[in-house]
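Trainee: Please take me through one part of this model slowly. I would like to see how its residues are placed, and then a few other parts treated in the same way.

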Amino acid sequence: MNATTVGANLEVSKYAIRLSCQKPNSSSVYASTHKSCCLSRRHTTLSLTSRKSETKIYPKSKVACLASGNQGEGLTYKDAGVDIDAGSELVRRIAKMAPGIGGFGGLFPLGDSYLVAGTDGVGTKLKLAFETGIHDSIGIDLVAMSVNDIITSGAKPLFFLDYYATSRLDVDLAEKVIKGIVDGCQQSDCALLGGETAEMPDFYANGEYDLSGFAVGIVKKESVINGNNISVGDVLIGLPSSGVHSNGFSLVRRVLAKSGLSLKDKLPSESITLGEALMAPTVIYVKQVLNIISKGGIKGIAHITGGGFTDNIPRVFPEGLGALIYNNSWPVPPVFKWIQEAGNIEDGEMKRTFNMGIGMVLVASKEAAERILNEGEIAYRIGEVISGDGVSYQ
């Protein structure tokens with residue numbers, strides 16, 4: 001899944017949506033109904049996907065307009081089934097119907113605070129769960145994808161709802177999945193409030209299921225992080241990922257098929273299998289990020305999901321500012337090196353499809369950056385804010 005969750009701020013800020021040639025790499029907008037505090041779940045999904053072509057510098061106003069396609073024999077996300085035209089068109093239509101969409105989470109004013117809501121799934125990582133039989137951690141991925149989005153506003157997660165759909169309910173299997181969701185909620189210090197279980201005969205293949213999650217948090221209006229005060233010279237701090245997380249698995253599966261290896265084979269030069277490496281649960285950054293925020297100096301936060309650095313970092317910047325990323329400033333996990341080599345994937349395609357080892361980017365003042373790096377946080381100085389547009393690398 002290459003998904004960038006799109007949220008709406010009901011008190012629309014000038015940075016909530018940018019209607020230009022740039023579009024989110026992909027968006028997920030969900031309409032849902034829910035019977036609270038019971039294990040029954042239901043929801044309707046619209047999933048958008050799009051991709052951009054590679055340049056050395058990625059300006060927000062131009063990259064999305066470039067032609068896309070497979071260069072040479074290297075695999076691309078488009079080859080794996082991502083439809084840029086349909087996704088971009090749906091984004092435009094939704095923007096007309098729901099002004100204010102564009103953030104990682106949707107903000108709803110409530111007294112002196114905002115409720116911040118996010119929703120997501122785990123995409124075709126589920127296919128690997130079915131193949132490996134690893135079901136007890138996919139729920140952690142589900143929680144992570146939503147709570148990591150809402151903490152970008154500085155919100156503390158309050159509660160989580162889930163949707164589990166299958167053709168025939170296997171109670172033992174469902175219990176494993178829900179256990180992972182419970183674990184994810186515990187890591188996030190939020191309550192599993194309820195959800196829906198949908199049993200729909202003949203809709204899914206035997207033994208398969210689908211998942212969606214919904215998180216709600218809260219932040220004081222005076223404490224909301226919106227990127228408005230980001231300025232040239234601010235530091236980009238990267239927090240490491242555990243691997244692929246929950247994005248890009250359509251391309252991963254295509255690479256796996258091309259490689260001739262199975263999920264039971266060892267990741268080359270490593271002691272774990274490909275299945276174990278690819279199924280590593282998404283890091284939940286809630287406690288770490290909220291602790292860093294509490295000490296001050298954090299001006300913006302980007303959750304690195306579908307679109308990589310290229311699409312996600314600029315979403316938190318005011319107009320006229322861009323990101324300069326320092327090459328080789330953090331260790332890239334071996335699984336990404338294998339994906340690139342086995343799929344013959346170009347650098348630019350990797351950078352706009354995967355997190356490449358950085359799951360969250362904090363935009364910090366220089367003073368805050370020094371504090372974060374010196375206090376023992378596992379973090380990297382990966383770049384800086386510059387005048388310009390988009391993302392460049394050096």
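Mentor: Start with a term. A helix here is a DSSP run of H or I with at least four residues, numbered from the N terminus. Keep in mind that this is a predicted model.

Now take helix α9, residues 334-343. Its buried residues are V335, F336, W338, I339 and G343. Buried means under 20% relative accessible area. These residues lie on the same side of α9, because they cover an arc of only 160° around the axis. An α-helix has 3.6 residues a turn, so residues three or four places apart point the same way.

What do the buried residues of α9 pack against? Three helices: α5 (249-259), α6 (274-278) and α10 (347-353). Look next at the end of α9. Just after the helix, N344 takes a positive phi of about 50°.

Helix α7, residues 286-294, can be read in this way too. V286, V289 and I292 are its buried residues. Their arc around the axis is only 140°, which puts them on the same side of α7. Just after α7 comes G296, with a positive phi of about 90°.

Now a strand. β17 spans residues 390-393 and is covered on both faces. G390 and S392 are buried on one side, V391 and Y393 on the other. Strand β14 (residues 321-325) runs parallel to β17, and four bridges join them. Across this pair, I325 stands opposite Y393 of β17.

Note on methods:
Residues numbered from 1 in each chain as written. Predicted model: local features only at pLDDT ≥ 70, side-chain atom pairs only at ≥ 80, totals over all residues. Heavy atoms only, no water. Buried < 20%, exposed > 50% of the residue type's maximum accessible area, 1.4 Å probe, protein only. Helix = DSSP H or I, 4+ residues; strand = E, 2+ residues; numbered from the N terminus. Arc of directions from axis to C-beta. Contact = heavy atoms within 4.5 Å. Pairing = 2+ DSSP bridges.
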